[in-house]
4 protein chains.
Amino acid sequence: MMESRTETRVRYAETDAMGVAYHGSYIPWLEMARVQLLDDLGLPYRKMEERGFHLPVVDLRCEYRQSCRFDDRLEVLARITERPRARVTLAYEIHCGERLLARAWTVHAVVDDSGRPVRPPEFFLAALERVGL
Amino acid sequence: MMESRTETRVRYAETDAMGVAYHGSYIPWLEMARVQLLDDLGLPYRKMEERGFHLPVVDLRCEYRQSCRFDDRLEVLARITERPRARVTLAYEIHCGERLLARAWTVHAVVDDSGRPVRPPEFFLAALERVGL
Amino acid sequence: MMESRTETRVRYAETDAMGVAYHGSYIPWLEMARVQLLDDLGLPYRKMEERGFHLPVVDLRCEYRQSCRFDDRLEVLARITERPRARVTLAYEIHCGERLLARAWTVHAVVDDSGRPVRPPEFFLAALERVGL
Amino acid sequence: MMESRTETRVRYAETDAMGVAYHGSYIPWLEMARVQLLDDLGLPYRKMEERGFHLPVVDLRCEYRQSCRFDDRLEVLARITERPRARVTLAYEIHCGERLLARAWTVHAVVDDSGRPVRPPEFFLAALERVGL
């Protein structure tokens, strides 16, 4: 298992009229943690894209357990637990201090610059192998 | 079953560097269709909130099948298929012409102004009954 | 002078914890009106981009006079008053019924696919001429 | 003069189909720097709101000089140069390494919980005095 963590503060822009963070605002937080995980694997997503590989989201699930407010400090964990085959699956947790706010999962296709599905590139699989996946 | 439809055009603000709509941009589109469904039931969400009821999202799933681009005209369908008990479940489809872009589901709690879970209000159940649910 | 109008409803996603639309949410509304103006000129922005021309915003100003809330119906006017030289300037008004919510201005460069500034293309100037500009 | 700085990385969510950060994405970055400035003054904005004061944006200007891309590391400076009277004015700069990407200004009203304009509260003026304003 490979796990990364990133931190963020709830922006006013991310809140809604209920006084809490809008549920759609969580999606970019997941992205931040995913980007960090790729960084920690030595495979910055920007570099992956420059090499012609993209990881579009094909499935997304988010369970919202507790809300958060403007200026709350959040910790977002992203985890990859399985060696990917055609698709890459990540799991996430969003915490605010002791409170678990949300659990989420994303599934990603691997595509080339023209959007065609391809196998996960060797350098990606090799990086996962180095962390035991 | 009760179904509503709404239309939207992909805003440039909703696209990302992959040249397509960002996956997080779909979440407000679901919201638009949900708001329309409540309108069509004669229960505008703004009125529900004024009466002290809110429907925060507690679970969200979205399957992305095909991408869409700036200025694409989308049709978003929202559907309620079951009489809600504690929670309200909706299903969605996002279409672009003949293409099915995404299927999604949201589950909502019913809470009062202080955020406490409450039973769906009578006027909400009555409105659903009028459409056979 | 060439003027276009478009309509939108305030999304819950566009509100913030003050209970009104977030000031940053107005920016995509300006974009919608600008896109409509180009449509009305017979020059859809998507087509302009396909022909290799882009209109990045280089200056933006927005005066906020009154706030608006979730579900408010807005009317957004975009106006072009001068034949563009190197840059294209648009003026906007956002209304909610009788209320003027905001006035705004954007200035756009004209660039090619590689981001280099270019003169406004002939077909663009010709379209403006047809409406007396 | 009082100046604060904050850092952020461009999110994929903040990019658009031109391959760069969407111009509207800059608005929350200004907000982040403004929130930091209030923190540095010892007046977290959340606390101000809890005490019944809000600082809605009434005027916004942003000059875009250079674009930035996904994953770029940005530094955002916020500056207050004048003792506020009825309104509070801030100036901003967004940098990416050596490059100045944008300059911006916001003007804020001071309002109470009911949205009525009020004079800047004493604790706010006192905090500014402590930094020589």
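Me: How many helices and strands does the secondary structure of chain A come to?
Reply: This is a predicted model, in which local features need pLDDT of at least 70, side-chain atom pairs count only at pLDDT 80 or more, and totals for chains, interfaces and linings use all residues. Residues are numbered from 1 along each chain as its sequence is written, and chains are lettered from A in the order in which they are written. Helices (H or I, at least four residues) and strands (E, at least two) are DSSP runs, numbered from the N terminus. From that terminus on, the elements of chain A run β-α-α-β-β-β-β-α, and the secondary structure comes to three helices and five strands.

Me: Which radius of gyration does chain A have?
Reply: The radius is taken over C-alpha atoms, and the globule rule is 2.2 Å times the number of residues to the power 0.38. With 133 residues, a compact globule would have a radius near 14 Å, which agrees with the value for chain A, 15 Å.

Me: Which element gives the largest share of the side of chain D that touches chain A?
Reply: Residues are in contact if their C-beta atoms, placed from the backbone, lie within 7 Å, and 11 residues of chain D are in contact with 10 residues of chain A. Two elements of chain D give two or more residues to this side, helix 1 (26-40) and helix 2 (45-50). The largest share, three residues, comes from helix 1 of chain D.

Me: What are the ipTM and pTM of the model?
Reply: These scores apply to the model. Its values are ipTM 0.97 and pTM 0.98.

Technical notes: Two residues are in contact if their C-beta atoms, placed from the backbone, lie within 7 Å.
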